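Let's take a walk through a protein built from several chains. Have the structure open beside you and follow along.

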Protein chains: 4
Amino acid sequence: MIFEMVRTEGLAHYSYFIGSEGKGAVIDPRRDIGVYLQIAEQNDLRITHVFETHRNEDYVIGSTELMEATDAEVYHGAGLDFGYGEDVKEGDRSTIGDLELEVLETPGHTDESISLVLRDKSVSNTPLMVFTGDALFAGDVGRTDLYGLEERERMAANLYHSLHDKILKLDDGVILCPAHGQGSVCGGEISNQVFTTIGYQRKNNHMLKLEKQEFLKVKIEEKMYRPPYFRKMEVYNKDGAPLTDRYGHLKALSKEELKDMDDLQLLDVRGPLCFSSAHIPGSLNIWEGGLPHFAGWFLDHEKPIVLIGDVSNEESYKHLIRLGYDNLVGYLSNALHTWHTAGEKLGQVEVWSVHHLHNNIDDDFFLIDVRDIKGFNKGRIKGAHHIYAGEIKKHLEEVPDGKKLVVYCDSGYKTSVVASILKKHGYDDVVNVMGGMDAWKNAGYTTVG
Amino acid sequence: MIFEMVRTEGLAHYSYFIGSEGKGAVIDPRRDIGVYLQIAEQNDLRITHVFETHRNEDYVIGSTELMEATDAEVYHGAGLDFGYGEDVKEGDRSTIGDLELEVLETPGHTDESISLVLRDKSVSNTPLMVFTGDALFAGDVGRTDLYGLEERERMAANLYHSLHDKILKLDDGVILCPAHGQGSVCGGEISNQVFTTIGYQRKNNHMLKLEKQEFLKVKIEEKMYRPPYFRKMEVYNKDGAPLTDRYGHLKALSKEELKDMDDLQLLDVRGPLCFSSAHIPGSLNIWEGGLPHFAGWFLDHEKPIVLIGDVSNEESYKHLIRLGYDNLVGYLSNALHTWHTAGEKLGQVEVWSVHHLHNNIDDDFFLIDVRDIKGFNKGRIKGAHHIYAGEIKKHLEEVPDGKKLVVYCDSGYKTSVVASILKKHGYDDVVNVMGGMDAWKNAGYTTVG
Amino acid sequence: MIFEMVRTEGLAHYSYFIGSEGKGAVIDPRRDIGVYLQIAEQNDLRITHVFETHRNEDYVIGSTELMEATDAEVYHGAGLDFGYGEDVKEGDRSTIGDLELEVLETPGHTDESISLVLRDKSVSNTPLMVFTGDALFAGDVGRTDLYGLEERERMAANLYHSLHDKILKLDDGVILCPAHGQGSVCGGEISNQVFTTIGYQRKNNHMLKLEKQEFLKVKIEEKMYRPPYFRKMEVYNKDGAPLTDRYGHLKALSKEELKDMDDLQLLDVRGPLCFSSAHIPGSLNIWEGGLPHFAGWFLDHEKPIVLIGDVSNEESYKHLIRLGYDNLVGYLSNALHTWHTAGEKLGQVEVWSVHHLHNNIDDDFFLIDVRDIKGFNKGRIKGAHHIYAGEIKKHLEEVPDGKKLVVYCDSGYKTSVVASILKKHGYDDVVNVMGGMDAWKNAGYTTVG
Amino acid sequence: MIFEMVRTEGLAHYSYFIGSEGKGAVIDPRRDIGVYLQIAEQNDLRITHVFETHRNEDYVIGSTELMEATDAEVYHGAGLDFGYGEDVKEGDRSTIGDLELEVLETPGHTDESISLVLRDKSVSNTPLMVFTGDALFAGDVGRTDLYGLEERERMAANLYHSLHDKILKLDDGVILCPAHGQGSVCGGEISNQVFTTIGYQRKNNHMLKLEKQEFLKVKIEEKMYRPPYFRKMEVYNKDGAPLTDRYGHLKALSKEELKDMDDLQLLDVRGPLCFSSAHIPGSLNIWEGGLPHFAGWFLDHEKPIVLIGDVSNEESYKHLIRLGYDNLVGYLSNALHTWHTAGEKLGQVEVWSVHHLHNNIDDDFFLIDVRDIKGFNKGRIKGAHHIYAGEIKKHLEEVPDGKKLVVYCDSGYKTSVVASILKKHGYDDVVNVMGGMDAWKNAGYTTVG
């Protein structure tokens, strides 16, 4: 039996490759499918099956790519009218060599969500693993808010049923293979464990210990952020995503070409320190590792995107196409060096240490906490106004004109995203508090809240 | 929590890297330690602990290499007087960031064998994984014959106790992380499952279902092969292995240099088909993938080894140093092409299909079955004489002079090892039955036994 | 100034990447263009120009791929009505940053052949390099027979003029950058020097020392082989080649699927020794490194090709698509192992050493020399009949039925190609003389002729 | 003939691999010799010869490493008493397969400098290439100041003789293979051409056109910088350098470990923008690509070095060991993120655009131009005081206390090196002018001088 977990950083997305006797199946493939083709080649397997545990909303699924590259058939739950692939229902079984995958219908995160129970028939009929998609994670369960407020209770009840009457009916010794790990937008409290079991979760997952009514209450009251790009993903993953560019080759653009483009989205993927020192006025700053989380809040899928970076663009490219950003047209050749030495205007963001903030806390500035609301509620710097980083554009009217804006987050990264948005919208005097709340606390300064 | 399994093909050896909060530990490292250093670098960790579940006999452990490359301390069971590292005892606990490893003394395979129970304290005190070394595998348990016949019962009883009173006391939901997978010489019936759990094994591992007396009987009667290189490994792994060559760079040797070497071991790592067509007289044939299994039966650790191959030598080099063969001096430049075109003498082995064998079964030849004894006992070609491939040199007196020797195994690989040994010892007329017993059966021919 | 030579093994094809100030040009790109995109990225350049020194006949040029992947414009000589790109004429100059390429019309190999003189204007107006395509090589000049017998004199006269009145007018210090190196089918006597100069060639290239009449005589009498795939290349390179498969992913096929295919071309890319020992009956043997030379003689561009090999298929795939074989549908999963162990029928070719041939030279067999005619004329084994390997199918009527066929070449590789063709055509008793003429001579045996 | 040029970025160092008939030679190897071993393996060659064109002073030569990894013998000029290898003299010839290298004694850069003329005897006796070490470059000649002021005239006269009576006696068509390209500290005006010829240089190299007296005058007056690490290189390359660390594995160090180290050299290899925003007080900033140029000015070879970066440390490691810095003990785990979030103190450097400088030029600050003196003399910003970046520590007494220090260079990189030194020496108020003189000019502002 071949078993490979493929982890996609940032999205905290887990996909799985299983194989036996010359055949292979991929569960929830990502859009850049090279990794699966490579596993197939190394193990002399042909990919014949692709399973989607549900219509994903946080990334573009790689099913259409795998269909094009192999003869694989795609399977997903019957509860949604997909534009491609085949439906499977409770109890359906697929055979991949010695392996068998049995479908459990496990709605709750979405209506058509399924889990897949794996048996290795060369050994026995005992379930070995279960692929639960976004129903059950290590330490948490899936979100149930995607169909809107009014559907929340129904979804939560469905999920409770799926967990307790389906997944937890499995033995303690069954290995749990969820679609996401810690850091995903699909579950707030996922723990940092790559491998776990039904038994371990039964003991340690707080959501599984709740009575039904408590569970419903928690899920109905749960507030999770929902970036606008989800809508695009939902369409792509329902209808079948377009194929990616054949070469994935980014063009090196000159400074002049940048200036000639209309409606350009300048995306600066450097870290916040570099961006603060000097940047191209009007550019959006999302550090490379933050693209999976923040690109989907701020980038449009149509207007041309140009990368500004200082290392290879390959990683950024991958992050973006996973979110459906096929409108990346190139990168600034020789990066910011070109810009500076040309004598162009520079944008800047002031950087403060927490000590500086502490020592000047009584000055007249507007302090913004851009962490998520949970963090803010747990403890914040006195006087801070809360706006979540991803939602800054919706809340600009809360930001006063003509004042120094001092922005902090957990550590200084999200702050820089916000700072770049504020600068774009005409706020000139923005300060990034380096080290953020982590530094503030470690320096021994007090919080309120 | 960082968790990476490192699989070493051929040896079917599993080592593990765990890490948390900037610290990492390796359990049962292999000798080519680059992979661990790389995981450490990718995850920004420092390797601080190395654990040996037992004094291994089938490969050179990488502990001395890791001690040299990092500041790691090495830990092993107290039941053996190691020349390096520190002893740990039942109940000892080591902390690696949020992770804790607790020692279970689990003798049986060897006296100093330990298992390590992993807890992720950031989540709870529930055991998450157990590293069992050669005590418990997926589908089998460790061999208990290494201390000799007279110790067998004691070792088996110890193992029974270790399994039932220690390891199986753990919950079903604990993930099992053994030191070997299918194909290892350390367990005969290991199943082909990379990940499994205590619960799954409790249900499906036939050795765990036996009553103590049955268990002892099976283990005492169990016959497993024991290649002579085990003795070297035992010394290396007790005293601390010498460091490998600094560069791992093999010299390209000319035909003339080969001829000038005394006591040369010519090791032809090509497949059996190539070897059969033409080879350098006197060379030993072990196909590259077979080195972990057969090099240790036939190669001396002192006399110079020269590789004859037709692809990169890197893989062969790795296989050999893992078995302590630091006496690899180079490879024949431009491989056999050099030899042929120089007009040198060629060795050859005849190749028969099973059909040819079947059609000529009444001819006057000596038929040798070189599979392991279990296979032979289950069914063989009528008239076959059994000598296990690894033990061919000990049984040469059973092989008649002056007769055509027709050799078969499972598929035609081991046969070629044997054929090369027979040729070296003066038997000229050797036939390799391509496809072996697999082909014989698939062709519908009958077996006896 | 960026300068990179990209060498394609087997085809002995040289392409060149030059760049300056953010812009890059590729001269005679191959079809798998990844290497150029990578150079562009590493040097932060955009590929803006592609130059074709002539309509190539021995491989598919990568121009259409580069047009699709970049914004590059393609330029070629005006003497042919291409289906894409733009024409350039004598004296036309293109600017790539500080670099300038000037066109010299240098017909002879083809009518529209051009050479390109490179100047680095940041240093001076002195020519630094010249890209001569198939006009001038290290040690030889281009072939002039591609337009047929009746055009040969005209082409040779054109080439003489191009060489003496154009290229050799350049200074001795100009670096020569031809489109091919040693081993190409486009020039018979190309020497094994990757870098050379006009001055070095003026002194050492025997073709440049001939008077015009001598030159014409040599070129008119020159006999070079012309594989049938040239016709396909000529069409592709005139009209614009179709784009290659998006993924380049080969399917692993089962034995059963192979048997179900009609008109299948089974291509065994293992070396001759393996092939001789056992192969699938009916398969064509071309060792991997020999694909650039022999695939084009024997493979059809329409019927499905399936690879039989024992290593990665990637190299074979690349070789084949460079020759326009887009009809590769997959490879036999687990290679020949599958076949043997299934108990299928095996094909075999006998292998002889030269000593065996010498000792049995008086036996009744038909001896075939499959080297090129030049080799045959210089010296052969007594009694040998000449058929060039590539042309074996055209000359089958010269091969007697019912006789043992003993085949030799230079070393034993080409022989195996021929042996596989003979077997396919019903000749059962075929012998490959390992080591070939090289071994024969090195063994001290005599030749005639 | 195998010919590979190995370029080492930063040092602008060229080494060469030549090979033929199973043997290979390396000319002027760098210390990280993996690249040569790889070429040898790919071409099935054994490295038998290493040539040093002279005792290098700008990097550690890889000869001792290659001696350890292979059986190669090392050869160098007879004019220096080396602690290893063998001497060669004018006219000595070495054979590597078909290739022959003939020694020309070409003193001037150093007394024992040699050039090597390559002939490919398989073609003719005509010289094909010449390896000139630091005697002749593309566009310039070697520096002659290394033996001190009083030896300068003698060295220059020697060089003139070596060039005109030895190297330029070769034909125009000989390819020139020097030891350095553009950007090396060994020649000030080397042009950006990777390949060139004797003929092209004869026409275009201004130094070759000078009469002897002019030549001597230019060379005697030539002022080149000489970083202090040269002395260490001279010792290493005369006596034989120690072998590098066996693993090249850097330890991840915690913040606490850093604080515990005495005499620590904190080396921040991030770009100037990041460094300016926030850095660890007391750290030296040399951006990664600048290490070959500036590490040797400021780093001690004994005190422990710890890297502060934000990407892989591999590149920095290589740069440093090439300069003999074997005292690199590790890197700060998780880089500056650790530092910031811990609430530690941050160092900062103010960043100005050229526009800001221009608009505030009348303010009371001290303006420092840290470019090389040639640049300063050609044109500078009014009021600038000159101190070359590499020599800043020697000239600190010229820097006033208590004033804002505004530093500029060509583009903003060297400035940051200087800024970090100034901060370390107690100057608090330092400004880096981003874009430097390039930006100043491109913005249209005037210069003086």
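## How the copies are related

By what turn and what shift along the axis can chain B be laid on chain A? A turn of 180 degrees and a shift of 0.1 Å along the axis do it, with an RMSD of 0.0 Å. The superposition is by least squares on the C-alpha atoms of residues with pLDDT of at least 70 in both copies. The two copies are thus related as by a two-fold rotation axis. If you want to find that axis, look for G173(B): among the C-alphas of chain B, that of G173(B) is nearest the axis, at 2.1 Å.

Now try chain C on chain B.

## A note on the model

This is a predicted model, where local features need pLDDT of at least 70 and side-chain atom pairs count only at pLDDT 80 or more, while totals for chains, interfaces and linings use all residues. Residues are numbered from 1 along each chain as its sequence is written, chains are lettered from A and ligands numbered from 1 in the order in which they are written, and side-chain values use heavy atoms, with hydrogens and water left out.

## Where chain B meets chain A

Chain B puts 26 residues into this contact, and chain A puts in 26 residues as well; contact means heavy atoms within 4.5 Å. Of the interface residues of chain B, 100% are also interface residues in chain A, so the copies meet through the same surface. The buried area is about 2200 Å², with 55% of it from carbon and sulfur atoms. That term stands for the accessible area (1.4 Å probe) that two parts lose on being put together, summed over both. M1(B), F195(B) and Y200(B) supply 25% of the area that chain B buries against chain A, more than any other three residues.

What holds hands across this boundary? There are four salt bridges between chain B and chain A, each a side-chain nitrogen of Lys or Arg within 4 Å of a carboxyl oxygen of Asp or Glu. Take a look at D171(B) and K203(A), whose side chains meet in a salt bridge at 2.6 Å, N to O.

On the chain B side, β1 (2–8), β10 (127–133), β12 and α4 (198–204) each supply at least two residues. Helices (H or I, at least four residues) and strands (E, at least two) are DSSP runs, numbered from the N terminus. α4(B) gives the most, with four residues.

## Where chain C meets chain B

In this contact, 29 residues of chain C touch 29 residues of chain B. About 2000 Å² is buried between them, and carbon and sulfur atoms give 64% of that. In chain C, L273(C), S277(C) and T341(C) lose the most area to chain B, together 23% of what that side buries. How many salt bridges does the rule find across this interface? It finds zero. Polar contacts do turn up, though, with 11 residue pairs, both at pLDDT 80 or more. α8 (272–277), α11 (335–341), α12 (354–359) and α15 (436–442) of chain C each supply at least two residues of the side that touches chain B.

In chain B, find the open sheet of six strands in the order β7-β8-β9-β10-β11-β12, with mixed pairing. Two strands pair if DSSP finds at least two bridges between them. The edge strands are β7 (93–96) and β12 (196–197) of chain B, each pairing on one side only. Two bridges join β11 (residues 175–178) of chain B to β12(B), and these strands run antiparallel.

In chain A, five strands form an open sheet in the order β20-β24-β23-β21-β22, with parallel pairing. β20 (350–352) and β22 (385–386) of chain A stand at the edges with a single partner strand each, so one side of each is left without a neighbour in the sheet.

Notes:
Polar contact = N/O pair within 3.5 Å; in protein donor to acceptor, adjacent residues only side chain to side chain.
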